[in-house]
Amino acid sequence: MPQKSIRQALNEALAQEMRRDPTIVVIGEDVSGGAGTEGQRDAYGGVLGVTKGLFGEFGEARVIDTPITESAIMGAAAGAAVTGLRPVAELMFSDFFGVCFDQIFNQAAKFRYMFGGKAKTPLVIRTMIGAGRSAAAQHSQSPYGVFTAVPGLKCVVPSNAYDAKGLLIQAIRDDDPVVFCEHKLMYDLRTEVPDEPYTIPFGEANVVRDGDDVTVVALARMVHYANEAAEALEKDGIEIELIDPRTTSPLDEDTILESVERTGRLVIVDEATPRCSIATDIAALVADKAFDALKAPIRRVTAPHTPVPFAPSLEKLYIPSPDKIAAAVREVHGYGK
Amino acid sequence: MQLNRDELIRAYRDMVTIRRFEERVQEEFSKGGIPGFVHLYAGEEASAVGMCMHLGPGDYIASTHRGHGHSIAKGCDVVGMMQELFAKEGGLCGGKGGSMHIADLDRGMLGANGIVGGGPPLVIGAALTAKTLGTGTVAVSFTGDGGSNQGTTFEAMNMAVVLKLPAIFMFENNQYGEGTGVAYHVGSHDIAGRAAGFGMPAVKVSGDDFFAVHEAAYEAVERARNGGGPSAIEVDTCRFYGHHSGDAQLYRGKDEVKNLREARDCLTHFRARVTEAALLEADALDAVDAEVAALIDRAVAAARAGAPPPDSALLTDVYVSY
């Protein structure tokens, strides 16, 4: 099977779906780029190249460059979705949800419920998350916890190219609004990806590693850090079961609960800040529904309750590391023994 | 209005400082000394300096992600700025903000901004403070052509008119919002005209001509200081680098940057204008060049030598108290 990067996998998913369904449009800032200039069209293809080439195949009617006006982009996409298109809107950096959240939070997410089940809003919002590039406080956050907290929104956080393609196709075919979070440091990460279109259902976690000692739940880039930690822990005879939920809304509660029933120990790794977060949410879930199985306190390895710092040394401390993950696993593993 | 010799020297010094700062940032960024992203202001110097010459330390400005020029023009310490870009403890924000969040409230600089259209509402807030406290100060929003389209910008302009605030909306039309041309993304092709539609005086000036910007800025600042309410200025300008450092700029026409540098360099225009009119001698300008070159060298040396922020800085400054 061919190896593809997350960037290629996403691009392929978009192109294949757009060929299949003429109501799918891509809309956002510089999704092609070069409009109204003397240079090339498709100059960017998205700031990190994910939508490159779509303009050439599908043209400006379906690959729509916009002004830098996030409220109008999200509102247009929500309004188009509820009236017959299937927009894939790009919110370049997830931090910019602060500019346009009304159209997502009060509008798109609530149409169906407010309108008594009469509306469908097949909208995908692709957005970049993640720290690690010294992009500082307004270009580095991972606010998927905020999206997850909104009833009516679905939220996808893939960790590899195979999942990225299958989940994006699923998101496009889904009739509800979906926020699709792409980690900015992972676009070049390669895995085997089939050429043909396929879907991965929402709410089905991926068990990345099997193990009986400690359950570790991690998302996006943290899946890879947890895997690194697992290699080190394995040498000490500690086997972790690593679960990547892949979607935070819906969340595959069963896979997490079944694993904790077996291991009795849980570490959650989350690059986002810790208050009212996915890590906290999963900890609450397990405390609520698997309390009797727990043999140790639940540990959360997260960013601190601070904005993302600019200085590389501080940013490195901000992001959970394989060492911190391993230390938390060791602590939980040794508890009560 | 006629500028005296000291004012002319200051104008030239500030513009050259911005140019050399940005050229050096480009160089140091390419060498890997500067983390993150930098958005360079070279080519647009007349706009920042033409406006900020009229402002005192008590006046406020808010900037964009392309904020180094505004910071320098508003009097921020160049050495502290360079240290900030290098993520050092001695930087203006202690290494925690970086290029996109460079700020110095003591100098009336409310910050570069990572959010397009983030600044204009903040500026009307600063203007509201000035009006409420009767400080006689003004607040200026620097916004790009990209940011001119944001809803936040429209809302801020309207409220400034409604509340008759001492605010000035400076729209720096450098022809691109990232990689999209203004001919595409500003529907009316007329940013000043749109501002006028909100009910404030609005003019359009060439950013190639420091004196034109300076004159328009004077009128707007005086109007605001005298209770005449907000104004807008659209500066027709150009950027010599990409949207950010490292941008391949495929959206540019053939030889576009070369042609801009030849025809639309505000520094070249300034030099020619003042020497031809015998207002300043080439020697005096050369002396400024040398002085600025030494300052930038000093800034880079300090930035390289500076220590990164201590690890404890990760957890400080989130709140005043908690």
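Select Q249(B), which in this predicted model sits in the loop of chain B between β7 (231-236) and α10 (256-263). Although Q249(B) is not a glycine, its phi is positive, at about 55°.

Staying in chain B, move to H214(B), which belongs to helix α9 (residues 210-225). Is H214(B) buried or exposed? Its relative accessible area is 4%, and because the cut-off for a buried residue is under 20%, H214(B) counts as buried. To see what surrounds it, display M1(B), L3(B), G50(B), M53(B) and H54(B), with which H214(B) is in contact once its neighbours within four places in sequence are left aside.

Now turn to chain A and colour its two domains separately, taking residues 3-192 as domain 1 and residues 206-334 as domain 2. The C-alpha centres of domain 1 and domain 2 of chain A are 27 Å apart. Where the two domains of chain A meet, 28 residues of domain 1 are in contact with 24 residues of domain 2, and about 2000 Å² is buried between them, with 57% of that area on carbon and sulfur atoms.

Next, look for the polar links across this boundary in chain A, where the count is 16 residue pairs in polar contact, both residues of each pair being at pLDDT 80 or more. The count of salt bridges between domain 1 and domain 2 of chain A is 1. Select D163(A) and R246(A) to find a salt bridge whose closest N and O atoms are 3.1 Å apart. On the side of domain 1 of chain A that touches domain 2, the elements α6 (144-148), β6 (154-156) and α7 (161-173) each supply at least two residues. The residues on that side of domain 1 of chain A comprise 15 nonpolar, 10 polar and 3 charged.

Then select S249(A) together with P250(A), and inspect the peptide bond that runs from the serine to the proline, which is cis, with omega near 0°. P250(A) is placed in the loop of chain A that lies between β12 (247-249) and α9 (253-263).

For the last stop, go to D42(A), in the loop between β2 (24-28) and α2 (54-58) of chain A. With a relative accessibility of 11%, D42(A) counts as buried.

Methods. Residues are numbered from 1 along each chain as its sequence is written. Chains are lettered from A and ligands numbered from 1 in the order in which they are written. This is a predicted model: local features need pLDDT of at least 70, side-chain atom pairs count only at pLDDT 80 or more; totals for chains, interfaces and linings use all residues. Side-chain values use heavy atoms; hydrogens and water are left out. Domain bounds come from an automatic or database domain assignment. Contact means heavy atoms within 4.5 Å. Buried area is the accessible area (1.4 Å probe) that two parts lose on being put together, summed over both. A salt bridge is a side-chain nitrogen of Lys or Arg within 4 Å of a carboxyl oxygen of Asp or Glu. A polar contact is a pair of N or O atoms within 3.5 Å; within protein, one must be able to donate a hydrogen and the other to accept it, and residues adjacent in sequence count only if both atoms are side-chain atoms. Helices (H or I, at least four residues) and strands (E, at least two) are DSSP runs, numbered from the N terminus. Ala, Val, Leu, Ile, Met, Phe, Trp, Tyr, Cys and Pro count as nonpolar, Asp, Glu, Lys and Arg as charged, and the others, Gly among them, as polar. Buried means under 20% relative accessible area, exposed over 50%, partly exposed in between (1.4 Å probe, protein chains only).
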